[in-house]
Amino acid sequence: AGSSSPEIRKYRANFVGNYSFSEGRLKGANLGAAFRWQDKAAIGYYGLQQLPAVITELDPHRPIYDQARAYFDLSSSYSLRFANNQIRARVQLNVRNVFERGRLQAVAVNPDGQPYAYRIIDPRQFILTTTFDL
């Protein structure tokens, strides 16, 4: 009815970059980075009535927004062969949300602007994987 849906951000953008070394001392190495951005999101609406009145209707023209968010990811990997070039291996380290320390993020608010629902934002994650191909 003319209002924004909570948790749906109008705009978002993702950028990914990757560089593979094909010669020289770093041959087989790979570096990558990603940037993810999300626009602000409506997480509730102020009430039509002013406090301390009992709020019975929400004002669709006065949304309460969560701020825009940006996240950075990094990756590096190294590919190699061993056992007379019969086995290929790849070791990869991904760092997700490089600058995130972990927190609670409000996802819904009462008509007075006080949060009542949260989601847990995980802190920076390190993910190490190794794959083998015969």
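Two strands count as paired if DSSP finds at least two bridges between them. In this predicted model, strand E1 (residues 12-20) and strand E2 (residues 29-38) meet that condition, with 9 bridges in the antiparallel sense. Within this pairing, Tyr-19 has Leu-31 of E2 as its bridge partner. E2 also pairs with E5, again antiparallel, over 10 bridges. Here Arg-36 stands opposite Tyr-71 of E5. E5 in turn pairs with E6 in the antiparallel sense over 9 bridges. Arg-81 faces Arg-88 of E6 across this pairing.

Together, 5 strands build an open sheet with antiparallel pairing, in the order E1-E2-E5-E6-E9. E1 and E9 are the edge strands; each has a single partner, so one side of each has no neighbour in the sheet. Neighbouring strands of the sheet are turned against each other by 15° on average, direction ignored.

Most residues other than glycine have a negative phi. Ala-83, however, has a positive phi of about 60°. Asn-84 also has a positive phi, near 55°. Ala-83 counts as partly exposed because its relative accessibility is 42%, between the limits of 20% and 50%. Asn-84 has a relative accessible area of 75% and is therefore exposed, the limit being over 50%.

The surface carries a nonpolar patch of about 760 Å². Its members are Tyr-78, Leu-80, Phe-82, Val-91, Leu-93, Phe-126, Leu-128 and Phe-132. Strands E5 (69-82), E6 (87-96) and E9 (125-133) each give two or more residues to this patch. Tyr-78 is found in E5. With a relative accessible area of 40%, Tyr-78 is partly exposed.

Gln-125 belongs to strand E9. Its relative accessibility is 30%, so Gln-125 counts as partly exposed. Leaving aside residues up to four places away in sequence, Gln-125 touches Asn-94, Val-95 and Arg-96. Gln-125 and Glu-100 are 25 residues apart in sequence, and their C-alpha atoms are 8.9 Å apart.

The count of salt bridges comes to 5. One of them joins Asp-66 to Arg-9, with the closest N and O atoms 2.8 Å apart. Asp-66 lies in strand E4 (residues 58-66) and Arg-9 in the segment before E1, so this pair ties together parts that are 57 residues apart in sequence. Asp-66 and Arg-9 are both buried. Asp-66 also forms a salt bridge with Arg-69, where the closest N and O atoms are 2.7 Å apart. Asp-66 counts as buried because its relative accessibility is 9%, under the 20% limit. Arg-69 falls under that limit as well, at 11%, and so counts as buried.

A further salt bridge connects Asp-133 and Arg-88, with the closest N and O atoms 4.0 Å apart. This pair links distant parts of the chain: Asp-133 is in strand E9 and Arg-88 in strand E6, 45 residues apart. Asp-133 is partly exposed, at 38% relative accessibility. Arg-88 is partly exposed too, at 39%.

Conventions
Residues are numbered from 1 along each chain as its sequence is written. This is a predicted model: local features need pLDDT of at least 70, side-chain atom pairs count only at pLDDT 80 or more; totals for chains, interfaces and linings use all residues. Side-chain values use heavy atoms; hydrogens and water are left out. Patches are made of residues with over 30% relative accessible area and no salt bridge: like charges are joined within 9 Å, nonpolar side chains (Val, Leu, Ile, Met, Phe, Trp, Tyr) within 5 Å. Accessible areas come from the Shrake-Rupley method with a 1.4 Å probe; for residues, only the protein chains shown count as cover. A salt bridge is a side-chain nitrogen of Lys or Arg within 4 Å of a carboxyl oxygen of Asp or Glu. Helices (H or I, at least four residues) and strands (E, at least two) are DSSP runs, numbered from the N terminus. Buried means under 20% relative accessible area, exposed over 50%, partly exposed in between (1.4 Å probe, protein chains only). Contact means heavy atoms within 4.5 Å. Axes are lines fitted to C-alpha atoms, for helices over the stretch in contact, and angles run from 0 to 180 degrees between N-to-C directions.
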